[in-house]
Amino acid sequence: MSSSPPPSSAAASPSCPKKMIALRSSDGETFEIEEAAALQSKTLENMIDEDCAGTPIPLPNVTGKILAKVVEFCSKHAEPGVDDESLRAWDAEFVNVEQATVFDYILAANFLEIPTLLNLTCNVVADMIRGKTPDEIRKFFNIKSIFSPEEEEEVRRENHWAFE
Amino acid sequence: MEAFNASMPLPFSYLFTSEGSAANSSSSSGDPWMDTRIWSKLPQSLLDRVIAFLPPPAFFRARLVCKRWYGLLFSNTFLELCFQVSPDRHCFIFFKNKIHSTYIYQNNNSNNNHPRSSSSASYSMEGYLFNPYEITWHRLSFPLIPSGFSPCASSGGLLCWVSDEAGTKSLILCNPLVGSFTPLPPTLRPRLFPSIGLTITPSSIDVAVAGDDLISPYAVKNLSSESFHIDAGGFFSLWGTTSSLPRLCSLESGKMVYVEGKFYCMNYNPFSVLAYDIGSNNWCKIQAPMRRFLRSPSLVESKGRLLLVAAVEKSKLNVPKSLRIWFLQDCGTAWVEMERMPLQLYIQFADIEGGRGFDCVGNGEFVVIMIRGCWDKALLFDMCRKRWQWMPPCPFVGGGWGCSGGGGGGGGEFELHGFAYEPKLATPVTGMLDQLTHPLQSFSC
């Protein structure tokens with residue numbers, strides 16, 4: 001993690017515009033993001049530190065459709081003066097999307113190292129699976145169980161309180 | 001956070017259109033269908049992160065999925081991840097409390113009939129986890145806790161048990177989810193049923209034991225407190241820190257609540273609040289609000305503030321009876337009323353309670369009000385959403401008489417008493433206590 005504090009966009013003098021970072025998605029779309037918002041991503045933070053030239057940062061793992069939303073997320077979370085309650089509600093709406101999109105958000109947040117987005121989306125998936133039986137979970141993630149019936153019985157007994 | 005993996009597959013947005021539009025909302029309500037074509041591609045490390053977000057009962061059920069998931073509970077990497085990402089879950093844990101002092105109790109763990117003369121002795125080593133978000137109950141067992149111990153405090157995912165016998169007190173810290181057992185060194189002064197306060201952070205343990213000093217084998221007096229401290233910085237005090245209690249105080253073996261560097265407990269006859277400042281090893285008294293009109297006051301911690309919950313009865317004035325909640329202001333001496341039970345509900349509540357009194361515990365935004373003598377009638381108040389509801393009775397507690405049972409028979413009348421509890425899969429802070437029993441001290445005195 002970078003130890004230097006992110007430069008505050010409020011520190012920019014009125015005559016100088018806020019620093020914008022350009023990002024290029026895997027499918028060639030370009031997006032602009034305020035530096036303060038970009039610093040939500042550790043990956044971008046490192047890239048900004050290294051290369052201050054104006055060329056767009058290529059992100060070969062993120063499509064334009066997803067990158068647009070990620071930029072939206074980071075910008076919202078960099079906004080000053082948003083209270084916790086509203087931000088939580090906004091986040092809930094943000095992830096109220098199709099499963100495929102949630103999956104894409106997870107991978108993008110992981111690649112870009114955005115802890116807030118990564119945790120938010122992983123929590124969504126956790127919510128999906130928490131009511132499921134072990135067998136259903138195995139199916140969704142394509143996990144082959146290698147417990148023998150006796151072992152499974154033992155594990156079930158050991159953790160019986162969670163099944164009651 | 002792991003480094004970027006260059007071989008990660010492209011996101012799937014353009015490779016297929018999602019089917020099942022009726023199920024395309026991935027919000028958590030209802031039972032969502034999960035598309036295995038999507039989720040089977042989730043990398044292992046990200047799946048671990050998803051698992052880290054599972055609440056405890058779901059996590060323990062998930063251990064059945066495969067050997068890898070089973071073993072996560074023992075994986076330091078996974079536990080470290082949980083420590084970073086798992087949200088706070090403000091739950092409660094309840095225990096049975098016998099209310100007939102003459103009951104002859106047969107200890108489940110042994111074959112001896114074991115007469116218990118104390119009314120605070122517990123039935124069996126079983127606790128009932130209550131999740132106020134989902135309104136669910138689970139039964140947890142404590143097979144390692146020996147008989148002769150009772151639960152007395154909870155903090156940081158750990159439960160503290162104290163020896164019942166009069167004398168110096170032995171304390172045990174236990175993580176209910178994994179069944180860990182960590183004794184503390186015994187206290188130094190003999191006591192009967194002291195009040196015990198506990199506060200645990202990832203890097204420190206503080207315990208205070210107060211009151212019920214045995215000044216002779218048959219006489220108790222509230223004279224002193226002793227405290228225990230250990231932290232990762234190497235500082236420790238093994239009960240050597242003692243302090244005098246304020247004169248003529250009456251703690252009644254009540255619970256202590258920790259808020260911002262202090263332990264608080266109720267003082268009775270007349271009502272006031274005692275505060276113990278851990279840093280300065282000092283006790284002081286705080287006047288209670290409306291102290292002459294309070295009934296069944298309890299102290300509760302919520303979001304860094306001390307709350308007092310009590311019924312108010314002003315018999316001489318024409319003021320309707322009510323149940324109110326105050327919080328202690330930062331100055332530490334003045335209270336502000338913040339909540340009042342809706343009058344209609346209070347009428348219903350008082351009718352059921354019938355003057356028996358009630359006890360409260362709180363955690364996060366929740367307060368649980370338990371009617372004395374009644375194991376199946378408790379109210380849950382959500383301070384955030386301003387919602388009051390009767391809790392469903394604990395399904396694991398049976399055979400006892402509910403509220404309707406009145407004073408009938410010696411059969412198993414009991415009530416539940418509870419603690420705020422934050423379930424945590426790992427509580428590595430107890431490792432510091434293990435060092436105390438090791439002959440080679442690794443930190444300086």
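B:Glu353 is buried, with a relative accessible area of 0% (buried: under 20% relative accessible area; exposed: over 50%; partly exposed: in between; 1.4 Å probe, protein chains only). The model is predicted, so local features need pLDDT of at least 70 and side-chain atom pairs pLDDT 80 or more, while totals for chains, interfaces and linings use all residues. Residues are numbered from 1 along each chain as its sequence is written, chains are lettered from A and ligands numbered from 1 in the order written, and side-chain values use heavy atoms, without hydrogens and water.

**Exercise 1.** Find the salt-bridge partner of B:Glu353 and state which parts of chain B the pair ties together.

*Solution.* 
- Step 1. The partner is B:Arg295, with the closest N and O atoms 2.8 Å apart. The salt-bridge rule asks for a side-chain nitrogen of Lys or Arg within 4 Å of a carboxyl oxygen of Asp or Glu.
- Step 2. B:Glu353 lies in helix 6 (residues 343-353) and B:Arg295 in strand 20 (residues 294-302) of chain B, so the pair ties together parts 58 residues apart in sequence. Helices (H or I, at least four residues) and strands (E, at least two) are DSSP runs, numbered from the N terminus.
- Step 3. B:Arg295 also counts as buried, at 18% relative accessibility.

**Exercise 2.** Determine whether B:Glu226 and B:Arg191 are buried or exposed, and place each in chain B.

*Solution.* 
- Step 1. Their side chains meet in a salt bridge, N to O 2.9 Å.
- Step 2. B:Glu226 is in strand 14 (residues 224-231) and B:Arg191 in the loop between strand 9 (180-183) and strand 10 (195-201) of chain B, so the pair joins parts that are 35 residues apart in sequence.
- Step 3. Both B:Glu226 and B:Arg191 are buried.
- Step 4. For contrast, take the salt bridge of B:Arg385 with B:Asp382, at 2.6 Å: B:Arg385 is partly exposed at 47%, whereas B:Asp382 is buried at 4%.

**Exercise 3.** Describe the interface of chain B and chain A by its area, residues and salt bridges.

*Solution.* 
- Step 1. The two chains bury about 5600 Å², 66% of it on carbon and sulfur atoms. Buried area is the accessible area (1.4 Å probe) that two parts lose on being put together, summed over both.
- Step 2. The contact (heavy atoms within 4.5 Å) takes 58 residues from chain B and 58 residues from chain A.
- Step 3. The rule finds 4 salt bridges across this interface. B:Glu134 forms a salt bridge with A:Arg130, at 2.1 Å between the closest N and O atoms, and a network of salt bridges links A:Asp127, A:Arg130 and B:Glu134.
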